[in-house]
Amino acid sequence: MNDILSSPTEYALVCPEDFSSRMNAYWTSPRPAGLGQHSSAPLKLLWKIMGDNFRGAIEEAVLGVQSPWRILQPPTGSGKTQGTCVYAAMQAQRNLESHLKPVGMLVVTRLIEEADKIRNTINAITGRPVAVVNHSSNTASSEALQMSDAVVITHQAFLNARRDLKADRWAAWERLVSWRGGKRLLTVIDEALANVVDESSTTADNLAFVLGIIPPAVRQALPEQVQVLEQVYSVLLAYVSEQDGDSAMSMIWGEKEAPGAVDLSPLRAAMSEVRYDRLVGNRSSHKNHAWLAARVAETLEAVQSCLDQFAYYAKEGKYHSINSAALAVPLNTPGPVVLDATAKSNFLWDLFEERHVCPPVPSHARDYSNVTLHVARGSRLGKNAMIEHIKDRLPGVRRAIEEALGDHRSLFVCAHKDVEDVISKRWSEKSAMKIGVGHWNAVDGRNDWQDFDAALILGLPYRPQTWATNMFCALQGSQDDKWLQSPEWKQFKNVRKEMERRQMSVSVIQAINRICCRHVIDAEGNCPPADIFIVLPQDAMGEAVLDAIKADMPGIAVRQWGFELDLLKEKRPRESSHTRLIAYMEEQPAGTVSLTEIQHSLKLTSVKKLRETLNAADHPTTQALADMGVTYVAGVGRGSKSFLMKAA
């Protein structure tokens, strides 16, 4: 932005007071011309603060100043997205009517559907087409991008365009930030960016698999690439042999300390030509081939990232992995303003340190006294436990909710993706109650359930310990073994735990606020009556999430929910090991499961006979597994493990 060295007075800027007044009129006007909502003094002040920060970000971009990221926390239901639309419409009108230089905007939102809605709203308020979308489902022409006052894109498109810059590919980014007015000067990001860190990870099993299937011709043609891959595998195995505990972390190499700087793209290209389905399963299957090819490509990409950056070893459960991470967020984005309703809980902004500012916003813009939070306590709430037990748990959950609410209510259920279909088929299709189901990482910012009056949070989105390490290292630089084993930072004795608790709180608060509690029904900022049901663990994580909910939703009433997620079940007759294996693999998500893990889960005394069965392609058990996309991969070489691969 240093090429823009002029004065803000030369630009057609929107007055913050005018924006607050226009937003207030739009907020309170009856539909369809407005939103038909109730206003208040705190809301008007909040909109004035939004306008001040939008204008301040533009002025710094005009002066060529590297603007700090402005992180605003308007509470859910206070008009942050609609305010962005009103501001964009006003800016487009100023550009048209003023003799001054025009100001272009870039608006970044989570989902394609939301991007389309924002474009439509901006154009409707303006009364003419001034905004366009540019995403995977609707690529704008170069002419449209050049002429449009506002361009609306998704978080993913934003990050992808910036990732291209690392490879010196400027075209995608220039298409977004350049227009007839020069450079766009304001970037408004609706909600905290998802996937702000590029995480790279692959396991020892995956490396062994890739090394075992490299054809001799490829080995001969690309000896340097294969040698480095083998070296990385050997280094990882050395760490594996040193670890005895269930979880561990160690730095393998720091930045610029990798064993060899090599470009693995020729190896990736060569391996993309291999027919994995025939090589591994000796049968033609486009689905299996596509999945296996993706796994090979992801493994090679992860190794490349570790070679280019830093690498650390991690063990979680039975899995040994090599990991790295890099920041995907473009810190030099022109005029960045983030509208994050959960900014207080989002540890990402703590890690930004001096690269961000958090302007204060009114604390009483919303009141949640009409919302009741029903809290039960339970255990085994993570993804794997929910997948394993959902069919046993769901009848009890359904009875408890229907007894509490009756048939006339509408319920939004947020759960793990792998149990979403079970909930939909076994509950929503058979219940008189209106049921909507969404899954973690796909509900933030969505308005699909905004008129529902109840929500159930079923299961929690725990993250692997590598997530917090990756996030921290991407923003603070690679760490040493001392930090990996005792992650202190500032006042936090264990910053990883703090990050995990904060991120869990962000996810839960986002899910809760998908329903009617986002609406304002009076001048005090109240919402319609709503009930939230949640099962939290009886530990520090559960208390942290509960405290965060109460802090973000002032006035919410908390009640104990006398519900038990797990009841004692009668013992079932023991089935044959083959029947249990098939049932076990049916419940597994796509990915790899080692024979050692299968032996432990099914309580087998030995896997010798199981190996013989899996090596027999015509055995009924092997055929049944193949029908569901499960392939047996025998270990190759010393130290490698045999495992089953389930296609997506």
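Me: How do α8 and α10 lie to each other, roughly parallel or roughly antiparallel?
Reply: In this predicted model, local features need pLDDT of at least 70 and side-chain atom pairs count only at pLDDT 80 or more, while totals for chains, interfaces and linings use all residues. Residues are numbered from 1 along each chain as its sequence is written, and side-chain values use heavy atoms, leaving out hydrogens and water. Helix α8 (residues 204-213) and helix α10 (residues 223-242) cross at roughly 150°, with axes that come within 10 Å; the axes are lines fitted to C-alpha atoms over the stretch in contact, and angles run from 0 to 180 degrees between N-to-C directions. The two helices, α8 and α10, are therefore roughly antiparallel, given that angles under 35 degrees count as roughly parallel, over 145 as roughly antiparallel, 65 to 115 as roughly perpendicular and the rest as oblique. Helices (H or I, at least four residues) and strands (E, at least two) are DSSP runs numbered from the N terminus.

Me: Which residues of α8 and α10 make the contact?
Reply: Contact means heavy atoms within 4.5 Å. On the α8 side are Ala204, Leu207, Ala208, Val210 and Leu211, and these meet Val226, Leu229, Glu230, Val232, Tyr233 and Leu236 of α10. By class, this contact of α8 with α10 holds 10 nonpolar, no polar and 1 charged residues, where Ala, Val, Leu, Ile, Met, Phe, Trp, Tyr, Cys and Pro count as nonpolar, Asp, Glu, Lys and Arg as charged, and the others, Gly among them, as polar.

Me: At what angle do α19 and α20 pack?
Reply: Helix α19 (residues 495-512) and helix α20 (residues 540-552) pack at about 50°, their axes 9 Å apart, and that angle makes α19 oblique to α20. The contact is made by Glu500, Arg501, Met504, Ser505, Val508, Ile509 and Ile512 of α19, together with Ala540, Met541, Ala544, Val545, Ala548, Ile549 and Asp552 of α20. Sorted by class, the contact of α19 with α20 has 10 nonpolar, 1 polar and 3 charged residues.

Me: Where does the backbone call for a careful reading?
Reply: Most residues other than glycine have a negative phi, and most peptide bonds are trans. Here the peptide bond from Arg31 to Pro32 is cis, with omega near 5°, and Pro32 lies in the loop between α1 and α2 (41-62). Asn441, a residue other than glycine, has a positive phi near 75°; Asn441 lies in the loop between β16 (434-439) and β17 (454-457).
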